[in-house]
Amino acid sequence: MNRGYAGFYKGHYLRSSYEYAYAIYLDYHSIHWGYEESTYRIGNRTYKPDFFLYNQNQKLIKIVEIKSRNTKAKAEARKALALIQKCYQIDCELLSYEELLNLYKTLPFTLNSVITRWLNDENTTINKSASGKLNAHFNMKHSEEAKRKIGEHTKRRWASDSITRSRMREGLKRGGVKKGYIRIPREKRECRVCSKGIEVLVTSTQRFCSRACSGKVAIKNATKRYVEKRSYIHECIKDYIIQWSLANKDIVLNTPLNKISPAISALVENIHNQFGVKDLRVISKAVFGEDRGRKELIRFMKKVCNEKVC
């Protein structure tokens, strides 16, 4: 089953762009959170929710599950969360694209811009499954009944038509296995982060010993690109403010300090449309390197006009 675009964020292996977008939302509001920290038994099965939200005293206050727009998947998740809430007395919530879109209305950047950043990240991959400790069923053993069913299913596939058997053989070949020995030679490499020795197929692109090490590099690269992109956007915003001030000298020079917001509303709207930023604090930071408020901003704009006039 395709789990969407997956990758690391703050040491957590997130399995979709929606999960990443929600994590960004939580961080923006300084909300303490954990990811897939507990598994709950509900009836005859278990369920591991996505996000665990905590208060300042590190007390769990809410569980939030993130789902795609798939109607059936959301319906099943609602049932599971309702059982968790009833059995464990924990507040639960289900979020999808529509709910995330509403949450992002108060942020100085858009949901789609965050999702696009996640999808275009070179360290983000299309994830078909999660292995090892990242798998929701890690360390959970199959029951004897489950083992029996898996074995019977495999035997039926091998005993079925020639097309199915051919596909299974191709799968084994792609995995480098043929008649009990490794067909593709292996080589030893060093992890680029911790220098730990690893043994991989010579055709493998693996350069790290674990997802944790590859995640460190991914986060470092993503942070660097984000800072560079933010700096560039801030420079563009500052240049635009200067050009707008010169083109609207009468408005800028005649704006009193108690009527700044209505006077520069058109400027803020244009910046939002062009750069995806509508928070005056961010706009001020783009000009001064820190938020100095709207009064300092209008003073800067008046100074630009006066200098050009002179």
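These questions and answers go through a predicted model of one protein chain.

Visitor: How many helices and strands are there in the protein chain?
Guide: The protein chain has 310 residues. Its secondary structure comprises both helices and strands. The count is twelve helices and 13 strands.

Visitor: What share of the residues of the protein chain count as buried?
Guide: A residue is buried if its relative accessible area is under 20%. Among the 310 residues of the protein chain, the share that counts as buried is 32%.

Visitor: What part of the accessible surface belongs to carbon and sulfur atoms?
Guide: The accessible surface of the protein chain is about 19,800 Å². Of that surface, the part belonging to carbon and sulfur atoms is 51%.

Visitor: Which residues of α1 make the contact with α4, and how do the residues of the contact divide?
Guide: α1 passes α4 in a right-handed crossing. From α1 come Ser17, Tyr18, Tyr20, Ala21 and Ile24, and from α4 come Leu111, Val114, Ile115, Arg117, Trp118 and Leu119. By class, the residues of this contact are nine nonpolar, one polar and one charged.

Visitor: Is Ser17 buried or exposed?
Guide: Ser17 is part of helix α1. Setting aside neighbours within four places in sequence, Ser17 is in contact with Tyr5, Ile115, Trp118 and Leu119. Its relative accessibility is 12%, and the cut-off is 20%, so Ser17 counts as buried.

Visitor: How far apart are the axes of α7 and α10?
Guide: Helix α7 covers residues 211–247 and helix α10 covers residues 265–275. The crossing of α7 and α10 is right-handed. They pack at an angle of about 145 degrees, and their axes are apart by 11 Å.

Visitor: How many charged residues has the contact of α7 with α10?
Guide: On the α7 side the contact is made by Ile233, Cys236, Ile237, Tyr240, Ile241 and Trp244, and on the α10 side by Ala266, Leu267, Asn270, Ile271, Gln274 and Phe275. Ten of the residues in this contact are nonpolar and two are polar. The number of charged residues is none.

Visitor: What is the C-alpha to C-alpha separation of Glu190 and Phe208?
Guide: Glu190 is found in strand β12 (residues 186–190) and counts as exposed at 57% relative accessibility. In sequence, Glu190 and Phe208 are 18 residues apart. In space, C-alpha to C-alpha, they are apart by 7.5 Å.

Visitor: Which loop holds Ser195, and what is the phi of Ser195?
Guide: Ser195 is partly exposed, with a relative accessible area of 46%, and is in contact with Glu190. Its loop lies between β12 and β13 (197–201). Phi of Ser195 is positive although the residue is not a glycine, with a value near 65 degrees.

Key: Residues numbered from 1 in each chain as written. Predicted model: local features only at pLDDT ≥ 70, side-chain atom pairs only at ≥ 80, totals over all residues. Heavy atoms only, no water. Helix = DSSP H or I, 4+ residues; strand = E, 2+ residues; numbered from the N terminus. Buried < 20%, exposed > 50% of the residue type's maximum accessible area, 1.4 Å probe, protein only. Areas by Shrake-Rupley, 256 points an atom, 1.4 Å probe, with all protein chains shown as cover. Left-handed = near helix turned anticlockwise from the far one by under 90°. Contact = heavy atoms within 4.5 Å. Nonpolar A, V, L, I, M, F, W, Y, C, P; charged D, E, K, R; others polar. Axes fitted to C-alpha atoms, helices over the stretch in contact; angles between N-to-C directions.
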